[in-house]
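Thanks for coming. I have one structure to show today, and I will keep to a few points. Please look at the screen.

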Amino acid sequence: MDRYRPPDALEFPRFAGIRTFMRLPHVQTTEGVDVAIVGLPFDTGATFRVGARFGPEAIRSASVLLRPYHPVLRVHLFEHLSIVDYGDAPVAPGFIEDSLRRIADFLSRLTLAGVIPIGLGGDHSVLLGELRAVAAAYGPVALVQFDSHPDTWDAYFGHRYTHGTVVRRAIEEGLILPERSIQVGLRGPVYGPEDWEAARRLGLEVMSAAEVRAIGLESASRRILQRVGDHPAFLSFDIDFFDPAYAPGTGTPEVGGFTSWEGLFLLRGLVGLPLVGMDVVEVLPAYDPGGITALLAANVVYEGLALLAARRRDGLPHVATLGARPEGL
Ligand code: MN
Ligand code: MN
């Protein structure tokens, strides 16, 4: 069976056609599919600015600029992967717990069929639905979280399900293995010294923005790979990892962040990471002059696709076929 791939932009202009991620075919099948892009247009979990429900369409629009060959990793995405745009998960705006269940059900169709989902957010609360779906297929996964926030607070306004509490909920539900998980890029003012400490007490490794600067980008990437080892991993990329100068269109910006190049360089250092899922979240088009945040988000997804394609090129198993379900599940 032929791979799903976009039309050739030298034959059919990139600005033409209906917007899907990278102009990929919009099909809802798992047959012959390695990776599925899925929109998660939900922002009821946001505690500050809202509007990330429009993130997926903005990322898709920006993604038509992406070209199929990654010159740094030297990999052609569509020579190694069959990729589709699976459409959007059926969320219920205003109803977070129901939406998380719907997202998990929707994505489970993919994960249980061995398809790697890549979510386009949406606020970060959607991660809980995504992790439920990957854990249903693989058991608890390693979480690699790029973010300026730990998202391990217990509650906001007396409520347990928000984008700021999602990682704590995921640990409580047994969806991730803290001892294999790492948070990268934390910075900015917090409520107290216990905020970052709480993430560490939950068993997560925390690499603050200052630590990344101190040890350098290559060492930071190596530390991520070491932490995860060969365990199935979910890469969750909160776009506020970047400085608001590069990613202004986001829900809770923090200054003193990373440049576009630094973020892409860190990701390119993760070749070999055994990914079973990924997302890019917190893209908020209403605060995004020039669409620069959405363009950056599309490129973050592209780096993830290149990592997956490089695994295939290097003869490493498509992790979704590993049957990595741990004992006891
Ligand atoms: Mn954040
Ligand atoms: Mn976050």
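Which residue coordinates both the manganese ion (ligand 2) and the manganese ion (ligand 1)? It is Asp147, and the two ions are 3.2 Å apart. Before going on, note that this is a predicted model.

Let me stay with ligand 2. The manganese ion (ligand 2) is coordinated by His124 through ND1, and by Asp147, Asp151 and Asp238 through OD atoms, at 2.1 to 2.2 Å. Along the sequence, these donor residues follow the spacing H-x22-D-x3-D-x86-D. Asp151 sits in the loop between β6 and α5, while Asp238 belongs to strand β9, so this pair ties together parts that are 87 residues apart in sequence.

Are these two aspartates buried or exposed? Asp151 is buried, because its relative accessible area is 4% and the cut-off for buried is under 20%. Asp238 is buried too, at 1% relative accessibility.

Now the sheet. Eight strands make up an open sheet with parallel pairing, in the order β4-β1-β5-β10-β9-β6-β7-β8. At the edges are β4, residues 83–88, and β8, residues 205–208, each pairing on one side only. From one strand to the next, the twist averages 15°.

Strand β7, residues 182–186, pairs with β8 in the parallel sense over four bridges. Within that pairing, Val184 has Met207 of β8 as its bridge partner.

Last, a helix. Helix α8, residues 217–228, lies across β6, β7, β8 and β9, and runs at about 170° to β8. Strand β9 is also the one that holds Asp238.

Technical notes: Residues are numbered from 1 along each chain as its sequence is written. Chains are lettered from A and ligands numbered from 1 in the order in which they are written. This is a predicted model: local features need pLDDT of at least 70, side-chain atom pairs count only at pLDDT 80 or more; totals for chains, interfaces and linings use all residues. Side-chain values use heavy atoms; hydrogens and water are left out. Two strands pair if DSSP finds at least two bridges between them. Helices (H or I, at least four residues) and strands (E, at least two) are DSSP runs, numbered from the N terminus. Axes are lines fitted to C-alpha atoms, for helices over the stretch in contact, and angles run from 0 to 180 degrees between N-to-C directions. Contact means heavy atoms within 4.5 Å. Donors are N, O and S atoms within 2.8 Å of the metal (3.2 Å for Na, K and Ca); water is not among the atoms, so sites may look incomplete. Buried means under 20% relative accessible area, exposed over 50%, partly exposed in between (1.4 Å probe, protein chains only).
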